[in-house]
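Hello,

Here is the structure I promised to pass on to you. Please open it alongside this email, and I will walk you through what turned up.

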Amino acid sequence: MSLDRVARERLVRALAGAVIEHADELTSLDQAIGDGDHGLNMKRGFEAVLATLPGLADKSLPEMLKAIGMTLVMKVGGASGPLVGTFFMELGKALPEQPSRPDLVTATEKAIEAVKARGRSEAGQKTLLDVLVPVHAVLAEGGDAKAIAAEAVQAADRTTPMQAIRGRASFLGERSIGHMDPGSRSASLLIGAAVETLKFEVNT
Amino acid sequence: MSSLRPGNVGIVIVSHSPKIAEGAADMVRQMVGDAVPLAWTGGDVDGGLGTNVAGILEAIETAWSPAGVAILVDLGGAETNSEMAVEMLPEDRRARVLVCNAPVVEGAVIAATESSGGSPLAAVKRSAEEFYA
């Protein structure tokens, strides 16, 4: 996968756009089982990322991802900042400038492990890991863009009947059941935007 | 707010609410006076409820002591952001900053009291955590 400057900028705009356009939806999901700031926090973070364009896209892919992660860590606030920011930073650290598909599989796995460590969490606790882990499995099995995007949507849906074990929603115990996890939804939106933009050039 | 007493462990208070953080710091001051370096931070970067890494890094810097810094946090994001901030510190400082698993107000007062007696960082953290254990 080789992304030129134009493609890198397109990727950043697609990621930010997906979050910003759905900010109200993310907030209402978070109002149901969290503290109601997820949409606003993520929007603030990605607006800050957009503000670093066009310079951001001048960087190599790994450096660009690290810079996005750092901006999210500093600007999002709430637990999502360090969690989503760590994912981007670790992905940037683990990817070569022109990654092959196996490179992407390996780097994504490392980034997911870092998110697990940061949140002291595992899949099954109604967090963004419930999207990241199954989507990674589809990626690792060779799934195409369509399969990856579909899994991202379905994985977020599957958090609805889960009981939250980590995060603010865990305070609600059984009352967290029946609502989609906002962090899973935003992860799903980001993955959907990424695969749509990349059209999975990583098939090569 | 801050004061510099190198030697005693510094205390940092991190709350989603700046009012809680500041109020807890006031209670610490009333207990221990200026005997420990102290700083507080709260709110997101836009001034709403939340926590932010830059604010936490600044508070650690303000309360810095060669004996280290104990951080007291309220809810999840405060802890996650504090741990992130610790990792972003220069390497020689990283091991000398600990996030305590204790209630933010009570923990801060107890940690500061322990620190004011000259206890090392591990003991400061332990007393904050043991109080409600």
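Let me begin with a question: which residues in H8(A) meet which residues in H10(A)? On the H8(A) side they are Asp130(A), Val131(A), Leu132(A) and Val135(A), and their partners in H10(A) are Ser184(A), Ala187(A), Ser188(A) and Ile191(A). Sorted by class, this contact has five nonpolar, two polar and one charged residues. Please keep in mind that the model is a predicted one.

To find the two helices, look for residues 129–140 of chain A, which form H8, and residues 182–198 of chain A, which form H10. Their axes come within 7 Å and cross at roughly 40°.

Next, the place where the two chains touch. Here 19 residues of chain B are in contact with 17 residues of chain A. The area buried between the chains is about 1,400 Å², and carbon and sulfur atoms give 56% of that. Between chain B and chain A there are also seven residue pairs in polar contact, with both residues at pLDDT 80 or more. On the chain B side, the elements that give two or more residues are helix H2 (53–62) and helix H3 (76–87). H3(B) gives the most, with seven residues. By class, this side of chain B has eight nonpolar, six polar and five charged residues.

Now for the charged pairs. Side chains of opposite charge can pair when their charged atoms come close. The structure holds 19 salt bridges over all chains, and the count between chain B and chain A is five. A salt bridge joins Arg120(A) to Glu83(B), where the closest N and O atoms are 2.9 Å apart. You will find Arg120(A) in the loop between H7 and H8 of chain A.

Another salt bridge pairs Lys116(A) with Glu113(A), with the closest N and O atoms 3.3 Å apart. Both residues lie in helix H7 (residues 101–119) of chain A, three residues apart, which is about one turn of the helix.

One last thing to look at is a peptide bond. The bond from Leu53(A) to Pro54(A) is cis, with omega near 0°. Pro54(A) sits in the loop between helix H3 (38–50) and helix H4 (55–58) of chain A.

How values were computed:
Residues numbered from 1 in each chain as written. Chains lettered and ligands numbered in written order. Predicted model: local features only at pLDDT ≥ 70, side-chain atom pairs only at ≥ 80, totals over all residues. Heavy atoms only, no water. Contact = heavy atoms within 4.5 Å. Buried area = accessible area lost by both parts, 1.4 Å probe. Salt bridge = Lys/Arg side-chain N within 4 Å of Asp/Glu carboxyl O. Polar contact = N/O pair within 3.5 Å; in protein donor to acceptor, adjacent residues only side chain to side chain. Helix = DSSP H or I, 4+ residues; strand = E, 2+ residues; numbered from the N terminus. Nonpolar A, V, L, I, M, F, W, Y, C, P; charged D, E, K, R; others polar. Axes fitted to C-alpha atoms, helices over the stretch in contact; angles between N-to-C directions.
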